[in-house]
Amino acid sequence: MDVPALLRWYRANRRDLPWRREVSPWRTLVSELMCQQTRIDTVLPYFERFMVEFPSPERMAEAPVERVLELWSGLGYYSRARNLHAAAVALSRLGAFPRDEQGLRSLPGVGPYTAGAVGAIALGLDLPVVDGNVERVFARFHAVERPTRAWTWGEAARHLPPGEAGDYDQALMELGALVCTPRSPRCLLCPLRDGCKGTPDAERFPAAKERKAVPRAAAGAAVWRRGEAVLLARRPGTGLLGGLWELPGGEGVLGEVLSTRLGLRLVRAETVATVSHTFTHLHVETTVFRVECEGEPDARHYDEVRFVEPGAIEGMALSNLARKTLAAAGFPVKSSGRASARDARAKELAAGR
Ligand code: SF4
């Protein structure tokens with residue numbers, strides 16, 4: 001593998017990203033956690049906001065995890081936000097960033113990939129990284145249909161140029177993102193084309209993994225208003241979507257759910273929208289209801305419940321699913337979700353009609 005050509009290509013073609021303009025272990029850690037499973041375009045405004053509010057681990061450690069979740073709201077995979085806060089607390093106690101792989105791996109949420117990225121990019125350690133992009137580049141370069149993670153880590157380590165791991169790691173990931181793409185790789189522009197065994201049939205490598213069927217579930221979400229304000233609930237701090245706000249509800253018969261979880265008696269329910277959302281392990285169809293209830297909401301199943309004015313919702317720590325259901329009900333939140341045709345009714349709902 002022509003690693004010098006790969007490095008030259010990277011230095012001439014790398015994208016201008018904020019965490020590359022100014023490099024520090026903290027900035028690299030934040031950017032790497034944000035970029036996992038998420039498009040870079042999506043990450044950019046989040047990263048800028050985080051660096052303004054949390055320019056150091058100490059500043060984040062001083063803030064409650066709820067504030068980190070608020071700023072993370074919409075980025076998904078919220079365990080990353082909780083891990084980042086826990087890592088900030090650990091770093092603040094340590095007083096300095098660890099300078100070796102073992103020390104990095106001891107931080108909450110930091111596995112081999114993140115330790116490798118922070119160590120190589122920000123600390124100059126000779127550590128490889130393997131993500132989906134790197135796996136694809138090596139699988140194609142060697143024409144291996146079913147590479148194991150261990151094999152790819154071995155390849156990444158074998159070709160690593162001492163003293164240049166930061167650029168080498170980023171070059172492999174950047175090549176996978178820009179040139180050796182899953183569909184229609186641009187082999188004519190590739191610095192590794194000499195010696196690549198994957199061409200001209202590169203898309204064969206690696207072979208597509210068998211997808212397991214994702215289980216499906218049905219749930220309800222209740223919109224109960226007092227004046228303009230709507231009832232929201234904060235989920236318990238651990239578990240799926242822990243610590244995030246949402247319309248109260250869940251799987252099962254809505255009346256029973258509201259009774260068990262909030263101590264409310266459902267008087268009337270009207271369907272206003274349905275929303276689809278897929279987690280990695282589950283596909284959920286959520287029906288949004290406008291409801292009338294009797295009783296005072298009691299946070300039995302939640303950490304907190306509160307009536308919130310519509311203008312204050314956007315600033316809260318909301319899951320992507322909560323954003324979809326709130327947007328489908330006509331509340332002013334940003335959401336990439338789409339709801340069903342019944343949503344014409346949602347605008348009236350948000351207007352309190
Ligand atoms: S030559 Fe094509 S298949 Fe081989 S590494 Fe480059 S882009 Fe990927």
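Let me begin with what I mean by a cavity: on a 1 Å grid over the protein atoms alone, it is a set of points where a 1.4 Å probe fits but cannot get out, and its lining residues have an atom within 4 Å of a point. What we have here is a predicted model, in which local features need pLDDT of at least 70 and side-chain atom pairs count only at pLDDT 80 or more, while totals for chains, interfaces and linings use all residues. Residues are numbered from 1 along each chain as its sequence is written, and side-chain values use heavy atoms, with hydrogens and water left out.

The structure holds 2 cavities of 30 Å³ or more, a volume being the space filled by probe spheres set on the points, which are joined across faces, edges and corners.

The largest cavity has a volume of about 100 Å³, and of the 15 residues lining it, the closest to its centre are Cys 180, Cys 187, Cys 190, Leu 192 and Cys 196. The ligand sits in this largest cavity, in the sense that more than half of its atoms lie within 2 Å of the grid points.

Which residues line the second largest cavity? They are Ala 222, Val 223, Trp 224, Leu 231, Pro 248, Leu 258, Leu 262, Leu 264, Val 291 and Cys 293, around a volume of about 40 Å³.

Notes:
On a 1 Å grid over the protein atoms alone, a cavity is a set of points where a 1.4 Å probe fits but cannot get out, and a pocket is an open set with protein on both sides within 12 Å along at least five of seven lines; lining residues have an atom within 4 Å of a point.
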